Amino acid sequence: MIRLLGVELTRLRLRRAVVVLCGLAIVVPVLIAAATLWEGRPIDARDRAEAERQVAESLAFAEEDVARCEEDPEDWGLGPDADPGECFDVVIGDPSFYTADNYLWRTPLDVGQERTNTGVAVVVVLAIALMLVGATFAGSDWATGSLSVQLLTDPRRGRVWLAKGLAVGLLAALLATVVLTLYWSALGGAAAAWDLSPPDGVWGDVVTSALAGVVLVTGAAVTLYALTMLLRSTVGALGVLVAASVGSTLVPALLPVAAPERWILPSQVYAFVTGRFEYYDPSREPCGAVYEDCVSAVGRGDATAYLLVVMVVVLALSVWSFRRRDVP
Amino acid sequence: MVEHAVETRGLSKTFRTRHGVRTAVDGLDLLVPATGVHGFLGPNGSGKTTTIRLLLGLARASAGEMRVLGRPVPQELPDVIGRVGAVVESPKFSPTFTGRQNLDLLARAGGLPRTRVDRALEQVGMSERAGDRYQAYSLGMKQRLAIAATLLKDPALLVLDEPTNGLDPAGIREIRELVRSLGEGGVAVLVSSHILAEVQQVCTSASIVGRGRLLAQGPVESLLGASTTYRVRVADPAAARAVLERAGWTVRPEPAAPGSTGSTGSTGSTAGALVVDPGPEPAHRVAQVLGEAGLWPDELTPLRPDLESVFLDLTAEHGLAGGAR
């Protein structure tokens, strides 16, 4: 088995499509990290000066509008006898809004927030790239017919299936671990350098999310590999993936389900990585004005069960099919 | 040592199609001797490739038993596959890998030393191009690489499905010599081919199948038949025919388009020539009978049926059209 695994890892390494996809799985997160750090850099004097310039400009426009309102209050929805104070209230409202802090169009790096934003995006990028690796790896064996030659060397189909799946899983786990480690190290290093370190407990959540990300990427890659072995076609497997992604969103929306967000695939992925996906739940109405009273959440446990069922079904069908069906 | 390298009994394979169930192999009883080269002949769609795929575990039999090198397959195929080399239909390798990389991966998967790769490449004359990508190879080179892959294992049984497809005449001769030498060296070789003359040159035994059934099987010599006919040319064919018929032999004018080949290699009819079948009597008896009647033969040539004519006769007899594939 170790020998076969080594062969399959070499086969993966030699495939150009795999190399390109792995490159993308590194380059895109690097770009996301660069953009996140650029947007999250500390606010400096130039940023604040620009914000103050915009405050002054906005206030000037607002004061012009107040003057127009006083000349013709009816144009502003007020009665003909409106006093100047009413125009001020309509146009400017709360004067405390016109501060430089509200005109800073970006916020400094917040590691806790990035965990549920760009952290999820990086995991999704990795998952897509490595799903394509799994699909193209298996698909090329079927497309070229080389699988039959491999089976003439080792006809134990279960072992061949497992060796290929393990190779895909190992590559996915390794790449996801490296990329996510580098990503969070970059953000963590920058936060420390900029004196923006998050409060206690945030790094624990980040590590948990990163580990969940590695598991998700590995599972997704192996599932797509298994799906391609089942359908014997890269295009077919990717078609099913797209159909399943769209279908899992459309079908719950069309069915008489109270909160379709509860069942769609992206919700499960988000919940699995971040630990919680909140959605508006009409079944809790009347829920009043408090937001928390109107929402329900998908937890990591629910998402794990959902994703695990999908994965186990695909893997079981794939192994059963590969062991029984004729190989062209 | 097992008596048969391949043995099938009642082997059947059916496929479900949109038009119903199609039987590709129908109760086939195949025997391939443990040594020598065995030809596997049949028209298109006669089940040859399906049979090979069943033997190699690439397809599942619907019924029947198979043994390869004395072991029941597919149950014990993993135990014997290390001694079986095979090329099924066209060569199939990863197109973006080099020839050597493709063979290296197979050797590693089979737990074989890498020195075998060099040796196999050399055996098929591919050493110089081994570093090129497989997709850049000509069909003939792909076929050679496929044969090299079969030689990695030091096989006791070699299964070659149309091994000379795409090869140039020199390549065909090389492969023929290779197959012959492997057969003489103690390897059992099962060759499926549609080039019947080639099979006849190389094979020591053969099986002929049609519509998934065995039509004939045995040593090539016995398939060709024990009796020999002769072409006789004399100055007076009518008189000669009467004399030969009086001797109790079958005589007919040589047909216009015979499916037989003279021992000299010439084909086609000979004006005024007769074909006589003297049964077990030797050639000199034919000459003696004619000479005693004063009809001295200008030509007395033994005519032996070749595998192609045997094949065509058999397939026609069973109502099977098409070529031999």
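This is a predicted model: local features need pLDDT of at least 70, side-chain atom pairs count only at pLDDT 80 or more; totals for chains, interfaces and linings use all residues.
1. You'll find B:Arg18 in the loop between strand 1 (4–17) and strand 2 (20–28) of chain B. Is B:Arg18 buried or exposed? B:Arg18 has 4 C-beta neighbours inside 10 Å, so this residue counts as exposed, the cut-off for that being 12 or fewer.

2. While you're at B:Arg18, look across to B:Thr229. The two residues are 211 residues apart along the chain, and 50 Å separates their C-alpha atoms.

3. Now over to chain A and its overall make-up. Its secondary structure comes to 13 helices and 2 strands. Of the 328 residues in chain A, 33% are buried. As for contacts between residues at least 6 apart in sequence, 76% of those in chain A join residues at least 24 apart.

4. What about the overall dimensions of chain A? The C-alpha trace spans about 95 × 50 × 35 Å along its principal axes. The radius of gyration of chain A is 27 Å, whereas a compact globule of 328 residues would have one near 20 Å.

5. A helix pair worth a look in chain A is helix 6 (residues 118–144) with helix 8 (residues 157–193). Two packed helices are described by the angle between their axes and the distance between the axes. Here the angle is about 155 degrees, and the axes are 10 Å apart. Angles over 145 degrees count as roughly antiparallel, and helix 6 of chain A and helix 8 of chain A are therefore roughly antiparallel to each other. The crossing of helix 6 of chain A past helix 8 of chain A is right-handed.

6. Which residues make the contact between these two helices? From helix 6 of chain A come A:Val122, A:Leu126, A:Leu130, A:Val133, A:Gly134, A:Phe137 and A:Ala138. Helix 8 of chain A brings A:Lys164, A:Val168, A:Leu171, A:Ala172, A:Leu175, A:Ala176, A:Val179, A:Leu180 and A:Tyr183. Sorted by class, the contact of helix 6 of chain A with helix 8 of chain A has 14 nonpolar, 1 polar and 1 charged residues.

7. Last, have a look at where the two chains meet. There, 24 residues of chain A are in contact with 24 residues of chain B. On the chain A side, the elements giving two or more residues are helix 1 (2–14), helix 6 and helix 7 (146–153). So much for the elements; by class, the residues of chain A that touch chain B divide into 8 nonpolar, 9 polar and 7 charged.

Note on methods. Residues are numbered from 1 along each chain as its sequence is written. Chains are lettered from A and ligands numbered from 1 in the order in which they are written. Axes are lines fitted to C-alpha atoms, for helices over the stretch in contact, and angles run from 0 to 180 degrees between N-to-C directions. Helices (H or I, at least four residues) and strands (E, at least two) are DSSP runs, numbered from the N terminus. Angles under 35 degrees count as roughly parallel, over 145 as roughly antiparallel, 65 to 115 as roughly perpendicular and the rest as oblique. A crossing is left-handed if the near helix is turned anticlockwise from the far one by less than a right angle, and right-handed if clockwise. Two residues are in contact if their C-beta atoms, placed from the backbone, lie within 7 Å. Ala, Val, Leu, Ile, Met, Phe, Trp, Tyr, Cys and Pro count as nonpolar, Asp, Glu, Lys and Arg as charged, and the others, Gly among them, as polar. The radius of gyration is taken over C-alpha atoms; the globule rule is 2.2 Å times the number of residues to the power 0.38. A residue is buried if 20 or more other C-beta atoms lie within 10 Å of its own, exposed if 12 or fewer, and partly exposed in between; C-beta atoms are placed from the backbone.
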